[in-house]
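Dear colleague,

I am handing over the structure below and would be glad if you could look through it before reading on.

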Amino acid sequence: MIDVQAIIAATTAFVQNNHALAAPIVFGLAFGESLALVSFFIPATVLLLAIGALIEASGLHFFPIWLAAATGAALGDAISYWLGFHYKERAKTFWPLSKRPDLVARAEDFFHRFGVWGVAIGRFFGPVRAVVPLVAGVLAMRQTHFQVANVASAALWAFAMLAPGAAAFKLFGF
């Protein structure tokens, strides 16, 4: 088993000791969290929340870290969309999605139900977060609609991941 607590402790300690690498690390975490097939293996949500607390505690600047998270998330979804668009139905057979047809079906239902809004809303629901963009590509959603929803929701999601930790530290001195 993966020791998530150890990963969180090691990552936050590394970021705290290497401020210059905070934005690239956050970019990588957000990218991995949003990339279909990879997101299942990265505990990025808890890491981003923890790094959010470090922003205030360590005197890091919020804007470049938020921008890195938003950019990483948008790029991860854009690549997921491309994979779906390029590989079509075959994309659903890639591992680990092939082991989770229920997740793909949920993402398809979610996408059919909400359309372009599904891309934006889906980013905030863990299990379908990285699958909805893939499904949007498989179903050939117009790329301009996808990218508008992608970029806007990535900016909001990045804020939602980082700001609570920074605010809690500032308000309560954690």
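What follows is a short account of the overall fold, the nonpolar cores and the salt bridges.

This is a predicted model, in which local features need pLDDT of at least 70 and side-chain atom pairs count only at pLDDT 80 or more, while totals for chains, interfaces and linings use all residues. Residues are numbered from 1 along each chain as its sequence is written, and side-chain values use heavy atoms, with hydrogens and water left out.

The protein chain holds nine helices and zero strands, where helices (H or I, at least four residues) and strands (E, at least two) are DSSP runs numbered from the N terminus. For 174 residues a compact globule would have a radius of gyration near 16 Å, and the chain, at 16 Å, agrees with that; the radius is taken over C-alpha atoms, and the globule rule is 2.2 Å times the number of residues to the power 0.38. Buried residues make up 44% of the 174, buried meaning under 20% relative accessible area, exposed over 50% and partly exposed in between (1.4 Å probe, protein chains only).

The largest nonpolar core has 24 residues, of which Leu48, Ile65 and Leu162 touch the most other members; such a core is a set of buried Ala, Val, Leu, Ile, Met, Phe, Trp, Tyr and Cys residues joined through side-chain atoms within 4.5 Å. Two or more of its residues come from each of α1 (4-17), α2 (22-34), α3 (44-57), α4 (62-87) and α9 (143-172). Apart from this core lies another, of 23 residues, including Leu83, Ala107, Ala120 and Val135.

A search of the whole structure finds three salt bridges, each a side-chain nitrogen of Lys or Arg within 4 Å of a carboxyl oxygen of Asp or Glu. In one of them, Arg123 pairs with Asp77, with the closest N and O atoms 2.7 Å apart. Because Arg123 lies in the loop between α6 (116-122) and α7 (126-129) and Asp77 in helix α4, this pair ties together parts that are 46 residues apart in sequence. Arg123 is buried, at a relative accessible area of 1%, and Asp77 is likewise buried, at 1%.

Lys92, found in the loop between α4 and α5 (101-114), forms a salt bridge with Glu89 at 2.8 Å and meets Glu108 in another at 2.3 Å, N to O. Within it, Lys92 is buried at 19% and Glu108 counts as buried at 17%, whereas Glu89 is partly exposed at 48%.

With kind regards
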